[in-house]
Amino acid sequence: MRDTARKVEEKYFSNLATHVEFLPVEWRSKLTLDGDTVDSITPDKVRGLRDMLNSSAMDIMYYTSPLYRDELVKGLQQELNRLYSLFCSRNPEFEEKGGKVSIVSHSLGCVITYDIMTGWNPVRLYEQLLQKEEEEEELEERWMSYEEQRLLEELYLTKQRLREIEERLHELKASTISKPPVLKFKVENFFCMGSPLAVFLALRGIRPGTSGSQDHILPRTICNRLLNIFHPTDPVAYRLEPLILKHYSNISPVQIHWYNTANPLPYEHMKPSFLNPSKETTSAPDTESASAAPSPTTSPVMVRRHYGESITNIGKASILGAASIGKGLGGMLFSRFGRSSATPQTMETGKDGPEGDEKKATTVGTPPLPHSSSGFLEPTVELEHRIDFELREGLVESRYWSAVTSHTAYWSSLDIALFLLTFMYKQDQEETDKSNLDTL
């Protein structure tokens, strides 16, 4: 990534005064975890494949284990802070001049980084669930005798008073002992690549909201911008936008530009477009087909066949490295992670009101209101910023084979290098363009 970014930087951003430096955060090898226990119980047949799974999929099992989760979190947190302190000591002008820090995470690293930034802890969630269950049990037991009910209410009030005292005690400790922040820096951009974060959040009870704000899953006070990058055939990657607004499951993710595209349209100017799985070509939809399409806010969540058909650099090194595994792995991974073509479920239509009346008034052949004649969407609620960004699908040996190589191909992609630099240099580039206009 450092090499590809340098090439892109020289080509597109050489006129800017600032510079982006990539620091690798290698934290995994320092962890003890279970020592060599897993290696000792691993059979010898297809050892290469087993070692690959042990070093990747096994980390997810470690992270969901109550024994090792804290060790993983502390390992990454300490390495992030150590690298930042070391960099600032060697570059003292960085903080003085307002240098910004972005994090680029891959796969499970996205989940661990997210939990470090937000301070999420499964123990806290468990305590909340226990408290909720206690309150529900107490409400269910109102059929008891008057004396029992009175004692139960007294017990409930005592527990509530105890919680208040504990909270005051924690606040007092926090005020007397200044607790240092988890990270020593504010995160400007959080780039997730091939990330299963959406699945983890869904399993934690996160459900779509109505505001369209990133704050629904990651507050802007913690991280200014969240960006989710994925390859369409990556079996580990999932979308984040439908966790914020449900109808975005019918809106295609933003296509990442080729690194050699001449005068690409800025990402903030790209309008959301309706995801149409029945259309197999990449040509622009005509007016008739666009106007006849159902509204994404009322139509069922469709089974998505694929998105793009263009060629992109998916990393020769990844393909060569995966070639030693064998073609059979492609089919195995695809059948393991692939989505079943289940019957689409109807989406929630919302409360009765103007939107409901508009839905009832729509008849066959009438263009739905949220859809414009240009084929782009005009939904009532939009995301403040787009979060899901998709690489253009490459013409490789097969989609099954691409499912094997795509998850590790992000690091060497020139398209991703340009994408990252575009957002990191965004403010500097806008100021440079403005000064050029002022000169003219």
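Reply: **The sheet and its loops**

An open sheet is built from 5 strands in the order S1-S2-S3-S5-S4, with parallel pairing. Here strands are DSSP E runs of at least two residues and helices are H or I runs of at least four, numbered from the N terminus; two strands pair if DSSP finds at least two bridges between them. At the edges, each pairing on one side only, are S1 (101-106) and S4 (254-255).

Please keep in mind that this is a predicted model, in which local features need pLDDT of at least 70 and side-chain atom pairs count only at pLDDT 80 or more, while totals for chains, interfaces and linings use all residues. Residues are numbered from 1 along each chain as its sequence is written, and side-chain values use heavy atoms, leaving out hydrogens and water.

S1 joins S2 (residues 187-193) through 5 bridges in the parallel sense, and Val 101 has Val 187 in S2 as its bridge partner. Helix H16 (residues 414-424) packs on the sheet and touches S1, S2, S3 (223-230) and S5 (388-390), where contact means heavy atoms within 4.5 Å.

Now the loops. Ser 107 sits in the loop between S1 and helix H7 (108-118), with a positive phi near 55 degrees. Asn 263, in the loop between S4 and helix H11 (287-292), has a positive phi too, near 50 degrees. Most residues other than glycine have a negative phi. Ser 107 counts as buried because its relative accessibility is 13%, whereas Asn 263 counts as exposed because its value is 77%; buried means under 20% relative accessible area and exposed over 50%, with a 1.4 Å probe and protein chains only.

Terms used: Axes are lines fitted to C-alpha atoms, for helices over the stretch in contact, and angles run from 0 to 180 degrees between N-to-C directions.
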